[in-house]
Amino acid sequence: MEYLLASFLVMIGAVVQTAFGFGMAVVAAPLLIMIEPRLVPGPMVVAALVQCVLMMLQNRRELDIKGLSSAFIGRIPGSIAGVYLLTLFSTQMLSIAVGGIVLLAVALSLSKLTIRPTPKTMFWASMASGVCGSATSIGGPPMALLMQHEQATRIRANLAGYFIYGCCISLIALVMVGRFGAEELKMSLWLIPGSLLGFYLCRWIPLYRIESQMRPAILGICILCGLFAITRGILGS
């Protein structure tokens, strides 16, 4: 029953991510940790990987691999740095730091400051995403905030393409430090049905009707990400 509940939570997260480009982790991860701490980050990353592959295929016409090239490069040192930070600081300290940075980034986004996706900004946003994702399993906000002013289908396609790459890098890093093995792989199999069902449920939603709310949704999800990370750090979960 616990794993069925976990798969249901992943399904809800997959609906959110399919609609707005990201948000699966912030919806599902807090409760997954309460059900079984080992479901995060490894199995959660696998579930997100499956959902992102489907989302990228659905929006493949808007995918810009060339534009993402600098982001792909930045993700590698970011992921390595995130895993290294896990050996220096507690997960609680890192969660509080990441949460504060995400909320600060949202505050800057609400100001008149506008940062557009360029090779340079994509590199640094991706590096920050790698650090956050590997250290706390919340890697979406940096890239989502950078792309928030783009067209909706372009956001979905490029975030999905980027997250596929990022998930693979994070899984490799987790395997290298002994945080993802056979047991975590078995747990992942319980979450994958939720990813599949959430994606296909979202296909019944007329996404074009919510595209005008894309930016507010991204900012709202990022605020939830930041608050979740800080709360998780304070409670020591």
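Two cavities of 30 Å³ or more turn up in this structure, which is a predicted model, so local features need pLDDT of at least 70, side-chain atom pairs count only at pLDDT 80 or more, and totals for chains, interfaces and linings use all residues. Residues are numbered from 1 along each chain as its sequence is written, and side-chain values use heavy atoms, with hydrogens and water left out.

- Lining residues have an atom within 4 Å of a point; grid points are joined across faces, edges and corners, and a volume is the space filled by probe spheres set on the points.
- The second largest cavity has a volume of about 40 Å³, and its lining consists of Pro 41, Val 45, Val 83, Gly 133, Ser 134, Ser 170, Ala 173 and Leu 174.
- Helix 6 (119-136) and helix 8 (152-176) each give at least two residues to that cavity lining, with the largest share, three residues, coming from helix 8.
- Helices here are DSSP runs (H or I, at least four residues), numbered from the N terminus.
- The largest pocket has a volume of about 510 Å³; 24 residues line this pocket, and Ala 105, Ile 115, Ala 125, Pro 142 and Leu 145 lie nearest its centre.
- Helix 5 (91-110), helix 6 and helix 7 (140-146) each supply at least two residues of the pocket lining, and helix 5 provides the largest share, eight residues.

**Salt bridges**

- Side chains of opposite charge can pair when their charged atoms come close.
- Searching the whole structure gives three salt bridges, each defined as a side-chain nitrogen of Lys or Arg within 4 Å of a carboxyl oxygen of Asp or Glu.
- Arg 38 and Glu 36 pair through their side chains at 3.2 Å, N to O.
- In this pair Arg 38 is partly exposed at 40% relative accessible area, whereas Glu 36 is buried at 17%; buried means under 20% relative accessible area, exposed over 50%, and partly exposed in between (1.4 Å probe, protein chains only).
- Asp 64 and Arg 154 form a salt bridge at 3.3 Å, N to O. Asp 64 sits in the loop between helix 3 (42-58) and helix 4, and Arg 154 in helix 8, so this pair ties together parts that are 90 residues apart in sequence.
- Arg 154 also meets Glu 150 in a salt bridge, at 3.4 Å, N to O. Through shared partners, salt bridges join Asp 64, Glu 150 and Arg 154 into one network.

**Cysteines**

- The structure holds zero disulfides, a disulfide being a pair of cysteine sulfur atoms within 2.5 Å.
- For Cys 167, the closest cysteine sulfur is in Cys 52 at 5.3 Å, which is too far for a bond; Cys 167 is buried, with a relative accessible area of 10%.
- For Cys 202, the closest cysteine sulfur is again in Cys 52, at 13 Å and too far for a bond; Cys 202 is buried, with a relative accessible area of 1%.

- Tyr 84, Leu 88, Phe 89 and Met 93 make a nonpolar surface patch of about 430 Å².
- Patches are made of residues with over 30% relative accessible area and no salt bridge, with like charges joined within 9 Å and nonpolar side chains (Val, Leu, Ile, Met, Phe, Trp, Tyr) within 5 Å.
- Accessible areas come from the Shrake-Rupley method with a 1.4 Å probe, and for residues only the protein chains shown count as cover.
- Leu 88, one of the patch residues, lies in helix 4 (residues 65-88) and counts as partly exposed at 47% relative accessibility.
- Ile 101 belongs to helix 5 and is exposed, with a relative accessible area of 56%.
- Between Ile 101 and Cys 132 there are 9.8 Å in space, C-alpha to C-alpha, and the two are 31 residues apart in sequence.

Technical notes: 1 Å grid on protein atoms, 1.4 Å probe; cavity = no way out; pocket = protein on both sides within 12 Å on 5 of 7 lines; lining within 4 Å.
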